[in-house]
Amino acid sequence: MKIRIIISALYALAAASCISQFTPEIVTQDRFLTVNGLITDENRRYEIKLTYSKPLDETSAEEPARGAIVTILDDTGNSWAFTEVKPGVYKSDSTQFRGTPGYTYTLRVQHKGSEYQSDPCLLRAAPPIDTVTHEILDREINASGVKKKVVRVAVSSHDPGSQTHYFRWTFEETWELHLPFNLLDYYTAVCWTSDKSHEILIANTEALKEDRITDFTLTEFDNSSDRGQYKYSMLVHQHSVSPEEYEFWDKVKKVSENTGGLYDVIPAAVPGNVKSTSDPSDLVLGYFSVSGVTSKRIFIRSPLLVPDLYHDKCVEEVVPRNAPIIGLGTEIWAINQIADEFGNLFWELTRNKACIDCAMFASNVKPDYWDEGFRQYK
Amino acid sequence: MRNAFLILILLLLAPLTRAQVKTGTFSGRYSGVPFDTLALSVERKAGIRVFYNPAWTGDIRVSGNWENASPLGVIDRVVSPNGLFCIEDEEGNIIITRNFTVRRSFMREAGDSAVMAMTDTVVTAAESLLEGEVITLGNPADLRQGGKVVLSGFVTNSATGEPIQGASVQVRELGTGVMTNQEGYYVITLPRGSYRLEYRSLGSHDTFRSVNLYAGGRINIAMEERIIPIREAIVTASRREKLDRLESGMSRMNIQTIRLSPSSLGEADIIKSVLLMPGVKSVGEGSAGFNVRGGSSDQNLILLYGAPMYNSSHFFGFFSAVNSEIISDVSLYKGGIPAQYGGRVSSILEITEKDGNRKEFTGNAGVSMVAAHLTLEGPVKKEHSSFLVAARGTYSNWVLGRLPDASVRNSRAGFYDINSHFVTDIGKNSLLELSAYYSHDDFRFNRDTVYAYDNLIASARFRHTFSPSLLALFTLGNSHYRYSVSNSRIEDYAGRMEHMVNTTTAVAGLTWYLGSGHELKFGGEANLHLIDPGTRTPISPLSVIRPLRIDREAGVETALYADYKADLGARLTARAGLRLSSFLALGPGTVYRYNPLFSKEPGSLTDSVKYRAGSVMKAYASPEVRLSLNYLLTTDISLKLNYNRTCQYLHLLSNTTAISPTDTWKMSDYHIRPQKGDQVAAGLFFDIAGNKYEISLDGYYKWLHNLIDYKGGARLTMNQLIEQDIIPAEGRSYGVEFMLKKNVGKLKSTLNYTWSNVRLRSTGKFSSEIINGGSFYPASYDRPHDLSLQVNWLWSRRLSWSTNLVYSTGRPVTYPVTWYNHDGLQVIYYSDRNQYRLPDYIRWDLSMSIYGSLKASRLFRSTWNISLYNVTGRENVYSVFFRIENGKIRGYALSVFGRTIPTVTYRVDF
């Protein structure tokens with residue numbers, strides 16, 4: 001809600017509001033079975049993840065729910081079993097099962113003697129994505145009029161049959177990164193890194209005359225990351241979700257966007273669509289999603305000038321080039337060769353292997369669509 | 001509507017002043033001449049007529065020497081020893097009577113005109129200005145008849161002519177007394193005899209009159225204002241008024257008190273001052289709305305100019321929407337609500353507006369941190385009518401434009417409000433008031449989203465005195481509230497959403513003084529409510545926004561009431577009232593029916609019934625019983641007992657922590673039943689050391705029925721089937737309120753402490769309708785301990801200090817219990833509502849007022865007020881929110897005024 005921002009503006013007017021960190025004293029140790037699953041009409045192996053939710057004070061990884069029997073049923077009496085491929089991760093057999101628009105699917109989980117079942121979910125076909133566009137905005141960042149370039153990526157779509165109404169998007173972004181050092185010939189200096197969407201991206205057309213989405217913002221990034229430096233690609237998935245699933249995401253979004261403002265909705269539990277068949281008090285979190293999916297990939301070439309993000313983080317020491325360096329190449333690496341005004345050469349050293357080998361934190365394998373995509377793009 | 005309003009303002013401003021009739025004086029020397037001779041020369045020299053029955057004056061012989069005397073004084077001197085009385089009419093003509101009249105000997109010399117009225121049984125007295133004046137009503141011969149007669153009159157402020165409410169009129173010989181009502185009117189039944197009448201009111205000098213009461217009559221008193229610029233510390237009522245008052249939970253605060261209190265942004269604020277009263281709380285500073293004895297924010301009826309006010313705040317709650325310059329005082333009824341008031345469950349906040357000065361033109365202007373105001377008032381026809389016009393506006397756009405954040409800099413926030421009020425006497429026994437109020441707020445966020453909201457209230461009130469014992473007030477008013485939110489960032493989606501609520505109200509209220517402390521108030525009211533729940537329109541030709549208008553709601557709310565008050569012996573006063581309220585939800589409209597075996601959801605819809613325009617879709621009626629008792633345990637201690645039931649047919653839909661200007665109003669309908677409240681309250685009032693100190697102790701228990709709560713993620717705007725998102729709830733609240741007050745001396749102070757408990761419970765049958773497993777949970781405004789201390793120290797005649805100290809328990813909040821990862825999204829799961837509390841709230845404020853020259857000859861008087869809000873800069877936590885960072889939940893606390901806020905306000909009265 002914009003009102004919240006307005007309120008912060010008013011606080012700023014009083015120049016007195018402040019936000020401080022605060023450690024709540026919460027005593028509960030609740031953990032609940034959590035379902036994370038998605039059935040679509042794409043031809044792939046679908047995945048149902050069963051984990052336990054984490055108590056507030058726990059930082060460890062999620063604990064998987066092992067050994068469950070996971071089955072998908074449709075409304076014509078068919079059923080497909082999923083097999084546990086990793087602890088808590090259950091996958092379908094793509095030769096056996098593929099979601100079909102118009103059918104209704106139900107998830108059944110049997111775990112530790114209890115049975116859980118989802119509400120029946122209708123698979124709705126998604127209309128194709130019309131366009132995924134990007135634009136570069138000049139955004140003011142302070143009072144003296146300093147502006148910063150921001151890349152905004154947006155999606156547009158419409159359903160001529162006016163059947164969709166509830167849209168949800170997810171995306172995977174991949175970009176090329178270069179370690180900006182001149183001694184890395186022997187190491188991996190060019191990599192591709194990926195990320196997933198971390199926000200709930202939903203829109204509905206209830207209030208519109210047409211089932212049309214125009215210029216819905218998927219993400220924005222500026223030069224504080226290297227997304228915009230070389231080549232950037234985004235694969236957008238458009239989901240046609242049910243009104244119930246839309247409502248679930250909408251509530252989660254409202255609750256998670258609370259900023260403590262005056263007009264925040266009072267937070268409330270957002271139940272999912274999977275319930276215990278025997279014990280209503282046995283709470284299951286998460287959501288079993290069923291949706292038609294259409295996808296579109298876009299390519300963006302070097303939209304931003306990105307300052308060197310690595311140099312300060314990596315360079316730990318500067319030594320004359322001819323000095324002996326113990327451990328060079330195993331514990332310490334020379335990443336840059338520089339010269340002073342007299343022509344003396346120096347090495348800049350790092351102890352962090354990620355500074356010489358981006359494969360430590362990204363992939364050194366170029367995605368197979370990469371060159372072809374950018375060739376078509378320009 | 002707006003045009004009508006402009007015309008009204010023009011009318012109020014029109015100068016209608018007319019010259020006043022002046023009579024001549026009389027000089028002459030006589031020795032033993034017949035009365036006829038004197039009368040003739042008075043008539044010639046003073047240019048007036050003298051009317052009399054020669055049969056009564058035949059024996060009178062006149063001797064005397066007068067220089068520039070008032071004709072009335074001369075005639076009076078001559079006829080009074082002969083058992084005759086004289087009065088003067090508006091032209092200065094003198095009428096001599098024998099059996100009934102009023103003696104007002106020195107009026108001419110006092111240089112004031114007389115206001116008189118004659119009825120069948122009594123002669124209305126003139127305004128009596130003189131301290132200790134002996135007034136004779138009726139003929140001494142009537143004393144022999146014995147029995148009781150009715151004495152009545154108006155008490156006004158001598159400087160401005162405004163009525164004084166709550167002035168006490170005490171009969172010293174009998175130890176009894178009465179209080180003036182809102183119009184400054186009092187009436188008392190006394191045995192014939194001679195009495196000393198003592199008039200007291202806060203802010204005025206005490207005065208007394210000696211009266212020889214042989215017949216019923218009227219004595220109007222103009223009380224002189226105390227010129228000390230330092231106002232009373234915290235004043236809620238005069239001494240006798242509190243002791244004798246029937247309601248245990250009623251507080252009054254006058255504007256001087258409100259103005260002295262330190263404020264956060266330098267604007268005197270009625271709602272923030274109301275929050276200092278015991279039993280009144282809010283969710284946090286800077287939030288709109290207040291909670292009275294456990295009621296929700298929409299359960300308070302705010303009456304301005306006799307009409308309901310739907311949004312009482314500017315700037316999303318940072319300021320009250322009512323300019324403090326137009327207020328005389330505010331009364332808050334939280335228990336023992338008299339039967340004449342209704343329509344809301346928890347409280348009535350009645351704003352008594354200030355009438356314009358009837359004698360001279362005055363005004364004031366002021367500048368604070370965010371706003372400036374100008375007020376002008378004065379007579380239209382001197383003594384008979386007056387106007388008051390006040391305007392206030394903010395210049396915050398200027399401030400916003402200088403802030404560093406670009407999105408804030410491109411934002412605009414503005415508000416203004418205008419009040420105009422016109423009062424005129426009509427004949428001797430009637431008074432007409434025409435009032436209008438308009439307020440506007442708009443906020444533009446980052447050039448493309450605009451919020452705007454407006455309040456418009458207009459009313460005409462007619463007060464008529466049928467007889468000294470029968471007074472009537474007729475009100476015709478309209479209150480209109482609308483807001484709109486428009487967005488034009490993407491042309492395809494350019495659209496506007498609007499909401500409107502409009503109430504036309506007609507009220508007739510009569511007060512009948514039956515004598516011997518018996519009093520009957522009765523009357524009725526009819527309200528036509530119209531609500532446009534939501535209208536959505538495209539605002540660009542390219543916009544694909546589908547226009548949608550949620551069906552307009554119409555409803556008629558009526559009430560008939562009677563309230564009987566009786567003095568049962570010297571110690572006991574009781575009042576019993578009944579208010580029959582009813583509500584008709586009117587068509588056109590559609591009622592959707594649901595399968596009662598399921599929660600109201602799209603899937604359980606079974607049927608829909610269409611109603612034609614004007615047909616009754618649903619009817620509700622409710623008798624509301626109001627009972628009050630006051631028992632004087634000793635002369636200084638009174639015990640008050642109250643019971644009241646209240647009903648509410650209009651509801652504000654809000655599922656946010658604080659109410660927002662973009663919440664929508666909803667009428668009771670087929671699915672949404674009227675909210676009801678039952679309250680029992682008991683109070684003890686102690687008057688200590690001749691009212692140097694007072695203590696009140698009140699306890700209450702309250703049941704709230706048919707409350708409205710919401711399913712998680714409910715959609716409250718643009719929702720035709722709102723009943724699907726609403727769940728029924730109930731509440732109970734109880735508490736004890738303690739107040740200790742020092743009323744006199746240079747140091748005045750008030751200590752309030754409230755201990756209370758508010759619990760709500762969802763009463764739905766289905767799982768989606770159940771909150772916290774259906775058990776009681778604390779409301780968001782439940783603050784068990786609430787303490788406030790206000791001190792006002794009169795340092796010198798030019799300097800005063802005020803300080804507030806506020807402590808309360810932190811409000812309940814909902815914390816998360818667990819979280820999980822969902823495909824890259826981190827989802828926090830909250831559990832039961834309001835199971836944790838924020839840290840305690842503590843605040844200390846300080847303010848200093850410096851008054852300009854006190855000399856009366858100065859043309860204007862200036863006042864500086866410097867205040868420090870939150871002196872210690874304590875970061876009181878307003879709310880908390882949670883984020884997942886590095887795989888761990890982090891809590892963040894937000895405080896609104898997290899440091900000391902200094903403000904300076906300058907004000908000049910002229």
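The exercises below concern a predicted model.

**Exercise 1. State how many helices and strands chain B has, and describe its domains and its contacts.**

**Exercise 2. Determine how helices α2 and α4 of chain B are oriented and which residues meet between them.**

Solution. Begin with the axes: those of α2 (residues 35-46) and α4 (residues 71-79) of chain B come within 11 Å and cross at roughly 175°. Angles over 145 degrees count as roughly antiparallel, and α2(B) is therefore roughly antiparallel to α4(B). As for the residues, B:Phe35, B:Leu38, B:Val42 and B:Ala46 in α2(B) meet B:Pro71, B:Val74, B:Ile75 and B:Val78 in α4(B).

**Exercise 3. Work out where the buried residues of helix α2 of chain A lie around its axis, and what covers them.**

Solution. The helix runs over residues 243-256, and its 14 residues reach 20 Å from the first C-alpha to the last, close to the 20 Å expected at 1.5 Å a residue. Its buried residues are A:Glu245, A:Phe248, A:Trp249, A:Lys251, A:Val252, A:Val255 and A:Ser256. Viewed down the axis of α2(A), these buried residues fall within an arc of 160°, so they line one face of the helix. The general principle is that an α-helix has 3.6 residues a turn, so residues three or four places apart point the same way. The cover over the buried residues of α2(A) includes β14 (166-178), β16 (201-204) and β20 (284-290) of chain A, together with β51 (825-830) of chain B.

**Exercise 4. Locate A:Thr188, and explain why it is classed as partly exposed.**

Solution. A:Thr188 sits in the loop between β14 and β15 (190-196) of chain A. A residue needs 20 or more other C-beta atoms within 10 Å to be buried, and 12 or fewer to be exposed; A:Thr188 is partly exposed because it has 15. Across the sequence, A:Thr188 and A:Ile356 are 168 residues apart, while in space they are 6.7 Å apart, C-alpha to C-alpha. Leaving aside residues up to four places away in sequence, A:Thr188 touches A:Asp357, A:Cys358, A:Ala359 and A:Asn364.

Technical notes: Residues are numbered from 1 along each chain as its sequence is written. Chains are lettered from A and ligands numbered from 1 in the order in which they are written. This is a predicted model: local features need pLDDT of at least 70, side-chain atom pairs count only at pLDDT 80 or more; totals for chains, interfaces and linings use all residues. Helices (H or I, at least four residues) and strands (E, at least two) are DSSP runs, numbered from the N terminus. The expected span of a helix is 1.5 Å times one less than its number of residues. The arc is that of the directions from the helix axis to the C-beta atoms. Two residues are in contact if their C-beta atoms, placed from the backbone, lie within 7 Å. Domain bounds come from an automatic or database domain assignment. Axes are lines fitted to C-alpha atoms, for helices over the stretch in contact, and angles run from 0 to 180 degrees between N-to-C directions. Angles under 35 degrees count as roughly parallel, over 145 as roughly antiparallel, 65 to 115 as roughly perpendicular and the rest as oblique.
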